[in-house]
Amino acid sequence: MRVLILTNEFPPSVYGGAGVHVGELTNALRGRVELDIRTFGDHAHDEPGWRVHGYPAALDVSRAPDELRPVLSAFGRNLAMAADAPTADLVHCHTWYTHLGGLVIGQAYGLPLVVTVHSLEPLRPWKREQLGGGYDASAWVEREALEGADGVIAVSDATRRDVLDHFDVDPARIHVVHNGIDPVDFAPDPNRDTLRRFGIDPAAPYVLFVGRVTRQKGITTLVDAIPHLDPRIAVVLAAGQPDTPEIAREVEAGLAEARAVAPTRSIHWIPEMLDRRTVRQMYSHAAVFVCPSAYEPFGLTNLEAMACGVPVVATRVGGIPEIVDHGRTGLLIDVPDEPATDGGADVALALAAAINDLVADPARRAAMGEAGRERAVEQFSWAGVANRTIAVYESVVR
């Protein structure tokens, strides 16, 4: 089978969970299907059964308003991808950034279209703050792709329900395929050199956040929780790429307030993408990993933390309850039953209370970490993800 993959992220140019997913999935598919991977960037690799080609910006968007440029630039790259005639049995798109390319290729070359849902625009209304009218354009192309696709892959049961709630899609065309984990790349790491490089004291208990500075990831809720943590608990935010200058200023102001409340507390904000070895060490030595997301279709960072033997405190949203076993591998925090925001005072207080309870109980943390590692290894493998993805391919080709 010959598969054309369209993605905006591909290793080594990865900044989020979707990029990790595509990198790991294609590696697991390699040798089982022929892959033509088209991505944003300057990638260039070609060998039998494995072609990776990057597409730089193909459209001059300098005259467009600033907030529209990311969307228009993405559409330009999509058309450049479509201009290269594919030799494939189907096209598989990841994120709205490549949906236009999938739609055009599907129609122009008569190929079945598969779309993996990593998130949904109707559930991310705060993106308008970043994209303005570009948000409406991204939501439009997402709707066209999902409702026109021959197969839709949802990364969780919760995401499948969201697709059915917000789009006109035949339930028979939606397939649930969870994300996976590499239990070798993500495993407890006794080394601590990268922690010292960032000035993190590995002997002191710290709570860890890994993710983007965005409303979706709920980082401002975590920042609001910091003043309520035991002053002996350090905070490490491995958080880069703010969506907007406004949310960056909110985080900076919140951290300044937290430092004023407890001047002795150690707070580290690392505003950059970290390599896997560094992130693995940060997971491995954290007392607690926290995921305060307002919206999370799957929540891959929770699985990474569990694979490294760390208990998780997370919000009970989206696909997270399908990963974190409440009371066994971590603790889940209820959020208000209302349109997704980045949380509120009650959620922040509940996060702080759960973190304080776990840090104060090392034996319980150790048991949760061991159970989390066991669950990650036994139930979430990329080989299984590849098997289920190929089954979707076969169904749409038939």
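Predicted model: local features only at pLDDT ≥ 70, side-chain atom pairs only at ≥ 80, totals over all residues.
Leaving out neighbours within four places in sequence, L68 is in contact with L131, G133 and G134, where contact means heavy atoms within 4.5 Å. Residues are numbered from 1 along each chain as its sequence is written, and side-chain values use heavy atoms, with hydrogens and water left out.

To return to L68, its place is the loop between β4 (50-55) and α2 (69-83). Helices (H or I, at least four residues) and strands (E, at least two) are DSSP runs, numbered from the N terminus. L68 counts as partly exposed because its relative accessibility is 25%; buried means under 20% relative accessible area, exposed over 50%, and partly exposed in between, with a 1.4 Å probe and protein chains only. L68 lies 69 residues from A137 in sequence, and the two are 9.2 Å apart in space, C-alpha to C-alpha.

Next, the loop between β6 (113-117) and α4 (127-131), where E121 is found. Is E121 buried or exposed? At 0% relative accessibility, E121 counts as buried. Its side chain makes a polar contact with the side chain of R124, at 2.5 Å. A polar contact is a pair of N or O atoms within 3.5 Å; within protein, one must be able to donate a hydrogen and the other to accept it, and residues adjacent in sequence count only if both atoms are side-chain atoms. Apart from neighbours within four places in sequence, E121 is in contact with W96, Y135, S138, A139 and E142.

I turn now to the nonpolar cores. Such a core is a set of buried Ala, Val, Leu, Ile, Met, Phe, Trp, Tyr and Cys residues joined through side-chain atoms within 4.5 Å. The largest has 39 residues, of which I200, Y206, L208, M282, Y283, F289 and L303 touch the most other members. At least two residues of this core come from each of β9 (206-212), β10 (234-240), α10 (276-285), β12 (288-291), α11 (300-307) and β13 (312-315). Helix α11 supplies the largest share, five residues. Not counting residues up to four places away in sequence, L303 touches N179, G180, I181, F298, I323, A376 and F380. A second, separate core of 37 residues includes A82, Y97, A145 and L146.

Which helix axes come within 9 Å and cross at roughly 80°? They are those of α1 (residues 17-29) and α14 (residues 382-397). Axes are lines fitted to C-alpha atoms, for helices over the stretch in contact, and angles run from 0 to 180 degrees between N-to-C directions. The two helices are therefore roughly perpendicular to each other, as angles under 35 degrees count as roughly parallel, over 145 as roughly antiparallel, 65 to 115 as roughly perpendicular and the rest as oblique. From α1, the contact uses H21, E24, L25, A28 and L29, and from α14, W382, V385, A386, T389, I390 and Y393.

Finally, G101 lies in helix α3 (residues 99-109). G101 is buried, with a relative accessible area of 1%. Neighbours within four places in sequence aside, G101 is in contact with L6 and N78.
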